[in-house]
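Here is a short report for a reader new to this structure. Please look over the sequence and the model first.

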Amino acid sequence: RSGARRSARRVLVVEKKWLDLILAGRKTLEIRGSSTSKRGQIHLAESQAGGKLMGRARLVNCFSISPKTFKQHHKHHCVPSWAMVPYQKPHARVLEDAERYEKPFE
């Protein structure tokens with residue numbers, strides 16, 4: 001675990017239903033309200049889980065998303081409808097190589 005702590009210094013907090021899909025490899029785009037230039041390993045924390053880190057992934061890209069591109073990328077973000085996106089200028093963060101930790105840690 002100490003290697004995991006050193007390899008990722010950023011944390012993305014995600015709701016459980018989406019985090020489970022990310023860690024299962026079924027959701028590779030996480031939609032957020034802003035862009036990021038950060039790249040590399042990130043920890044994934046479950047919201048409302050007391051700050052516990054549940055896994056990690058590589059953040060490899062980020063791009064703006066519109067209603068048209070939202071539909072095109074549906075199988076990658078898994079969000080059922082554009083109406084569920086609460087952001088004025090949404091961006092999709094591209095995640096690869098997601099893995100769940102055997103034991104969550106703080």
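The report covers the sheet, the aromatic pairs and the cysteines.

This is a predicted model, so local features need pLDDT of at least 70, side-chain atom pairs count only at pLDDT 80 or more, and totals for chains, interfaces and linings use all residues. Residues are numbered from 1 along each chain as its sequence is written, and side-chain values use heavy atoms, with hydrogens and water left out.

**The sheet**

Five strands make an open sheet. Their order is β1-β3-β4-β5-β2, and the pairing is mixed. Strands here are DSSP runs of E with at least two residues, and helices are runs of H or I with at least four, numbered from the N terminus. Two strands pair if DSSP finds at least two bridges between them. Strands of a sheet pair through backbone hydrogen bonds, either parallel or antiparallel.

At the edges lie β1 (10–14) and β2 (29–32), and each pairs on one side only. From one strand to the next, the twist averages 45°. Its axes are lines fitted to C-alpha atoms, and angles run from 0 to 180 degrees between N-to-C directions.

Strand β4 (residues 53–64) pairs with strand β5 (residues 91–105). The sense is antiparallel, over nine bridges. Asn61 has Val94, in β5, as its bridge partner.

**The aromatic pairs**

The whole structure holds two aromatic pairs. Rings of Phe, Tyr and Trp (its six-membered ring) pair if their centres lie within 6.5 Å; planes under 30 degrees apart are stacked, over 60 edge-to-face, and the rest tilted.

| Pair | Centre to centre | Angle between planes | Class |
|---|---|---|---|
| Phe70 and Trp82 | 5.4 Å | 75° | edge-to-face |
| Tyr101 and Phe105 | 5.1 Å | 40° | tilted |

Phe70 sits in helix α3 (residues 67–72). Trp82 is in the loop between α4 (74–77) and β5, so the pair ties together parts that are twelve residues apart in sequence.

How buried are these rings' residues? Buried means under 20% relative accessible area, exposed over 50%, and partly exposed in between (1.4 Å probe, protein chains only). Phe70 is buried at 4%, whereas Trp82 is partly exposed at 30%. Tyr101 is buried at 11%. Phe105 is buried too, at 4%.

For Cys62, the nearest cysteine sulfur is that of Cys78, 17 Å away. Cys78 is likewise in no disulfide. Cys62 is buried, with a relative accessible area of 11%.

Methods: A disulfide is a pair of cysteine sulfur atoms within 2.5 Å.
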